[in-house]
Amino acid sequence: MPSEFNLIKKYFTRPYTQADLGVGDDAALIQVSPGNQLAISTDMLVAGTHFLADCKAWDIGWKSLAVNLSDMAAMGATPKWATLSIALPNVDEIWLAEFSKGFFACADKFGVGLIGGDTTRGPLNISVQIMGEVPNGKALQRDRAQAGDEIWVSGTLGEAALGLTYLQNKLEAHTLSVKEIELCVDALQQPEPRIALGLALRDIAHSAIDVSDGLIADLGHVLTQSQLGADLYWEKIPHVHVNETLDAATLQSFSLAGGDDYELCFTAPPTMHKEILKIGDKLDLKLSPIGITTQGSTLNIFDAHHQRIELKAAGYDHFS
């Protein structure tokens, strides 16, 4: 059976181009570019909680890095370096080969170097730390929203939650078409971090967050830290569109509180409305204004008849 160090060398060691010293020593050495701050975040993916037991190893590898890159996007940071720590119940070299392919496919697409980490025996658990650079004073933060800001979101919300529900066999037969199933499962297992959007918003948005636990929960963090409320309009929210077998309440739950979207939600002054639409056109990415921030602390969601929508759950909570 290969040793821990042989596994690291075989599957996770590549020539380091983003660091002065990378995998293979007691610590990596990196140099932040002059005039930049170091942005750091970490996320953990646990089998049975963040991915299903039969999920493809390639998809797990991609997603384990992509969800961390999404945090860089929300900060307006350029991702540069990552560390990977992984607990394995046993050594499955076929699984490891596919996992590393998915991980490095994501790393190569977004210019990230793997510079260190750890392996150990235990229940399957993947922890990634991501590091990036952002010019001094340019980081997008949650506590900078201002009253009267427009609230925007990228992409479409609810597809990943619907994909998970399908994989859990909780949907009735023929609820989704084959094309819809593929779209929603891909959204769940291969999220696309919005790095280019985050960089484009540095001098435009007041605040930003990535939508990981559901729009209402994550926007709620921005509002709480900025001491604001908000009015949202369901008809403006780019929610998942599937055939008409799903009722409105179910669609609202998936799109507003489902989570795993990894889109960006951000606030910006109304004067930037046209500029934001231009950014969306340039990136070929749908950007939708969905509401406005308000004085106070109440988050309202209105339907087409200006009636408040009440949700049973606001989003995902690991300990609820």
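Predicted model: local features only at pLDDT ≥ 70, side-chain atom pairs only at ≥ 80, totals over all residues.
**Entry 1: the four-stranded sheet**

Four strands make an open sheet, and I read their order as β1-β4-β2-β3, with mixed pairing. Which strands are at the edges? I found β1 (36-46) and β3 (113-121) there, each pairing on one side only. Ignoring direction, neighbouring strands of this sheet are turned by 15° against each other on average.

Strand β2 (residues 78-88) and strand β4 (residues 125-135) run antiparallel and are joined by nine bridges. To find my place in the pair, I noted that Thr78 stands opposite Glu133 in β4. Then I looked for a helix on this sheet and found α3, which packs on it and touches β2, β3 and β4. The direction of α3 makes about 165° with that of β2.

A reminder to myself: strands of a sheet pair through backbone hydrogen bonds, either parallel or antiparallel.

**Entry 2: two helices that cross**

I stayed with α3 and turned to its contact with α2. The axes of helix α2 (residues 57-75) and helix α3 (residues 93-109) come within 6 Å, and they cross at roughly 35°. Is the crossing left-handed or right-handed? I noted it as right-handed.

Who meets whom here? On the α2 side I listed residues including Trp58, Ile60, Trp62, Leu65 and Leu69. On the α3 side the residues in contact include Trp95, Phe99, Phe103 and Cys106. By class, this contact has 13 nonpolar, three polar and three charged residues.

Glu98 has 30% relative accessibility, so I wrote it down as partly exposed.

How many salt bridges does the structure hold? I found eight. Are the two residues buried or exposed? I noted both Lys63 and Asp260 as buried.

I also checked Asp143 and Arg144, whose side chains meet in a salt bridge with an N to O distance of 3.3 Å. Asp143 is partly exposed, at a relative accessible area of 35%. Arg144 is partly exposed too, at 44%.

**Entry 3: the six-stranded sheet**

My last stop was another open sheet, with six strands in the order β6-β8-β5-β9-β7-β10 and mixed pairing. Here β6 (207-211) and β10 (299-302) stand at the edges; each has a single partner strand, so one side of each is left without a neighbour in the sheet. From one strand to the next, the twist averages 25°.

Inside this sheet I traced strand β5 (residues 150-154) and strand β9 (residues 287-294), an antiparallel pair with five bridges. In that pair, Ser154 stands opposite Leu287 in β9. Helix α9 (residues 273-283) packs on the sheet, and I saw that α9 touches β5, β8 (263-268) and β9. The direction of α9 makes about 150° with that of β9.

Conventions
Residues numbered from 1 in each chain as written. Heavy atoms only, no water. Axes fitted to C-alpha atoms, helices over the stretch in contact; angles between N-to-C directions. Left-handed = near helix turned anticlockwise from the far one by under 90°. Contact = heavy atoms within 4.5 Å. Nonpolar A, V, L, I, M, F, W, Y, C, P; charged D, E, K, R; others polar. Pairing = 2+ DSSP bridges. Salt bridge = Lys/Arg side-chain N within 4 Å of Asp/Glu carboxyl O. Buried < 20%, exposed > 50% of the residue type's maximum accessible area, 1.4 Å probe, protein only.
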